[in-house]
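Here is a short briefing on one protein chain.

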Amino acid sequence: MDLRGKTLSASGFHSPVRGKIDILDDVLIEIDAAGAIKAIHRYGDPNYRTIRDAREATGELVTLPNGSYLLPGFVDLHVHAPQYPQLGDALDVPLEVWLQKHTFPLEARYEDLVFARHVYGLLVDDLLANGTTTALYFATIHQQATRALVDICLERGQRALIGKVAMDNRQECPDYYRDASSDAALEGTRALIDYVRGHPDNGESRVLPVVTPRFIPSCTDATLEGLGAIARECCCHVQTHCSESDWEHGYVLTRHGMTDTESLDRFGLLRRGTVLAHANFLTARDMETIKAREAAVAHCPLSNAYFANAVFPLRAALEKGLHVGLGTDISGGPSASMLENARGAILVSRMLQSGVDPNVPAESRSTFGPAQIDFRDAFHIATAGGGAALDLPVGQFTPGYQFDAIVIDTAHEKGTVRLFEDRDAGEGILQKIIYTASRPNIAATWVGGRSV
């Protein structure tokens, strides 16, 4: 159902502030004709009953059924769109082997536009069905295939940020899959920016272009410098990988004599709207730099378990005031579900705090200190945290924000949530949703008030 110009009566949850859940109990959410939240009226407000009766009389009131709960749509800060066919494959090799043997050959296939359209259509449909209303996408080096991803996101209604990957370093990129030159990488980036911004179906800017150096090992210095200039001139978002694994982090230290963060900063790629995927090996100085530049981190807990050889210190980053959102890292992470990645974020934080070696006494098993998060933090980074990282009005139910939302049907017969009236209430319901909900529980998805 299209909710633009309607008022929704619903109960649900959102987390505009890290660590706090705002319980929405039988609220009225007014959605304007453009799909933005116009006003929210809480039960007990002086004008609540008058507004409800008036909307009901005009047929503008839509009411969610009992047992259904409204959540903000999920914001996935790190998706490799072309890697969807290998989701769950090749997770038993190091990152550098995974790239050269499995990933680059797959991504090279996107020169075939028919193949690209088929895969990208499946991916966008599946992400929407999993409740991902906003996705930050790496595409490939191919201009036409990347444009096809833009077209599909606009057709399906997903909010998306899409980047043509820049990778021209002959020493790290295979002959069959790389930009022919630095000039080609830069020209391709500009061409995609122009295509996205000039698209006749993108008048609402639901799809945005992203400057996308794959990561420092894949790019020459000339390309990194040129991409920094484009990001500045075109006021674009930036996405790349940062200090992802021992190999990648060590490569940059050897080549540039500084960390990824320091190197990206000198090329002008660290700015408001920059999203750094992984960032597992950040130094304290790196964190301060990222905070000062108002950039953000895409935390990818499942992917990090397979390829990073480390755990991102999420709690430390949040307490330092960094913008952090959640990413699936399809296909470095084996799940397209943001719920599963939220659970992963909680799990790895507990292991980071407790330590993992049973041969060490419990009192000295962890050398890291406080690191544990709970479902509140996980929910926040999957929604409002991701919106803040992208500097977009999404991820929370606040007037002026876009109505990007999902409905969790806790009573669905094929779902995996089980609530008990005598024990589940308030935040406890959200906690069960975060820990146990699955795709069948997602009954509806809206982007900008449109049902998708």
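The count of aromatic pairs comes to 10; rings of Phe, Tyr and Trp (its six-membered ring) pair if their centres lie within 6.5 Å, with planes under 30 degrees apart stacked, over 60 edge-to-face and the rest tilted. This is a predicted model: local features need pLDDT of at least 70, side-chain atom pairs count only at pLDDT 80 or more, and totals for chains, interfaces and linings use all residues. Residues are numbered from 1 along each chain as its sequence is written, and side-chain values use heavy atoms, leaving out hydrogens and water.

**Aromatic pairs**
- Tyr43 and Tyr48 pair edge-to-face, at 5.3 Å centre to centre and 75° between the planes.
- Tyr43 is exposed, at 56% relative accessible area, whereas Tyr48 is buried at 3% (buried is under 20%, exposed over 50%, partly exposed in between; 1.4 Å probe, protein chains only).
- Phe403 and Trp446 form a tilted pair: 5.8 Å centre to centre, 50° between the planes.
- Phe403 sits in the loop between α14 (384–390) and β15 (405–409) and Trp446 in strand β16 (residues 442–447), so the pair ties together parts 43 residues apart in sequence.
- Both Phe403 and Trp446 are buried.
- Tyr110, Phe115 and Tyr120 are linked into a cluster by ring pairs.

**Overall build**
- The protein chain has 15 helices and 17 strands, taken as DSSP runs (helices H or I, at least four residues; strands E, at least two) numbered from the N terminus.
- Of its 452 residues, 58% count as buried.
- The C-alpha trace spans about 65 × 65 × 40 Å along its principal axes.

**Surface**
- Leu347 is found in helix α12 (residues 338–354).
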